[in-house]
Amino acid sequence: MGINKTLFLTYFYLFIYILLSSGVILYNKWVLSPKYFNFPLPITLTMIHMGFSGAVAFLLVRVFKVVTPVKMTFEIYATCVVPISAFFASSLWFGNTAYLHISVAFIQMLKALMPVATFIMAVLCGTDKARCDVFLNMVLVSVGVVVSSYGEIHFNIIGTVYQVTGIFAEALRLVLTQVLLQKKGLTLNPITSLYYIAPCSFVFLFVPWYLLEKPVMEVSQIQFNFWIFFSNAICALALNFSIFLVIGRTGAVTIRVAGVLKDWILIALSTVIFPESTITGLNIIGYAIALCGVVMYNYIKVKDVRTSQSPADSLPDRITKDWKFEKKSSDIYTPDNISDDAGSNGGNVPTSERDIDEEAPLITSSSRLSHIGRTQLTNHPTGK
């Protein structure tokens, strides 16, 4: 009976995660799209998410004292939190802006590039080694995305550039999280991640907002509905914590699988909710090819973790180590998939293994723990 209850809770949390992640993406698209709510100001929307998340985190840390803040020196904040927040803000800005130009379905297909971007950044920063087998998987993913893009009826170069740029900014953030925070021995849970990163990201977003969107808001009639934006921010924050619950009960591998399922559901739902989104057979073929590469890449990473364990261990010992590894990888947030699927793992797994969901405001590495914020279990506050 206990096992049944445990399985029920696990599937229930996965359902909530998929529901919230898909809901946040569709909600953001609806708010930003000129054809619907018509609030075409992605930086403003992202700042609302960051401001709300930061305020909630402040209340939980300083007022209600739900968690204790970590010992954060000025040096650590300046050399770690600031650069990570800068790239996090950039990934949200570019990712959300893409919704103004391309469909939700195509954006989810482009997000398959997340492992490619993370691998490239990890190699460039020296946190991962270039390997032939991984490289071939990355080529397969890239070919799939190219095929999918070729089959896109409403292909828009501006929106595609925004989305791809956002993906690479997120990948660099994940690598910096590993290089900077883990070297300092600093670990952040979901609440403290929001507490330190959300306000800093808000400040970074203020500059492009002041230059690009503030003038537009002054000369145009932009509608602002408090309940729309409040509920949108609540959903983004809830997504953040749902990823924490899922990872705490399952692990990064499971949430990645859930992320892939979420992507397919999201692609199908987006074509129903937004009729202008049209999916072609070439879109599906290309995305399927890309997912094959992603699945093979995940298999290689999991296999690497298994083989790194001592072969002399008894089966019970190895099972115990696997459980501890999964638990450790899910209990620690280092401020980002589970893309889409989009968390964090205490430094035992390469950065590319750790991101969760790009849609959660501050998901850590996966995962999203990423993903405060996926790679593949990937995916931001979201408008992404």
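Mentor: Lysine 65 sits in the loop between helix 2 and helix 3; helices here are DSSP runs of H or I with at least four residues, strands are E runs of at least two, and both are numbered from the N terminus. This is a predicted model, where local features need pLDDT of at least 70, side-chain atom pairs count only at pLDDT 80 or more, and totals for chains, interfaces and linings use all residues. Residues are numbered from 1 along each chain as its sequence is written, and side-chain values use heavy atoms, with hydrogens and water left out.

Trainee: OK, and what's the phi of lysine 65?
Mentor: It's near 55 degrees, a positive value in a residue other than glycine.

Trainee: Is lysine 65 buried or exposed?
Mentor: Lysine 65 counts as exposed, because its relative accessibility is 59%. Buried means under 20% relative accessible area, exposed over 50%, and partly exposed in between, with a 1.4 Å probe and protein chains only.

Trainee: Where is asparagine 38?
Mentor: In the loop between helix 1 (2-32) and helix 2 (42-63). Asparagine 38 also has a positive phi, near 65 degrees, and at 34% relative accessibility it counts as partly exposed.

Trainee: Switching topic: how many helices and strands are there?
Mentor: Twelve helices and zero strands. Buried residues make up 54% of the 384 residues.

Trainee: How do helix 3 and helix 8 pack?
Mentor: Helix 3 (residues 74-98) and helix 8 (residues 190-219) pack at an angle of about 50 degrees, their axes 8 Å apart. Axes are lines fitted to C-alpha atoms, for helices over the stretch in contact, and angles run from 0 to 180 degrees between N-to-C directions. The two helices are therefore oblique to each other: under 35 degrees is roughly parallel, over 145 roughly antiparallel, 65 to 115 roughly perpendicular, and the rest oblique.

Trainee: Which residues meet there?
Mentor: Among them are Tyr77, Phe88 and Trp93 in helix 3, and Tyr196, Phe204 and Leu212 in helix 8. Contact means heavy atoms within 4.5 Å.

Trainee: And what about helix 8 with helix 9?
Mentor: The axes of helix 8 and helix 9 (residues 226-249) come within 10 Å and cross at roughly 140 degrees. That makes helix 8 oblique to helix 9. Pro190, Ile191 and Leu194 of helix 8 make the contact with Leu237, Asn240, Phe241 and Phe244 of helix 9.
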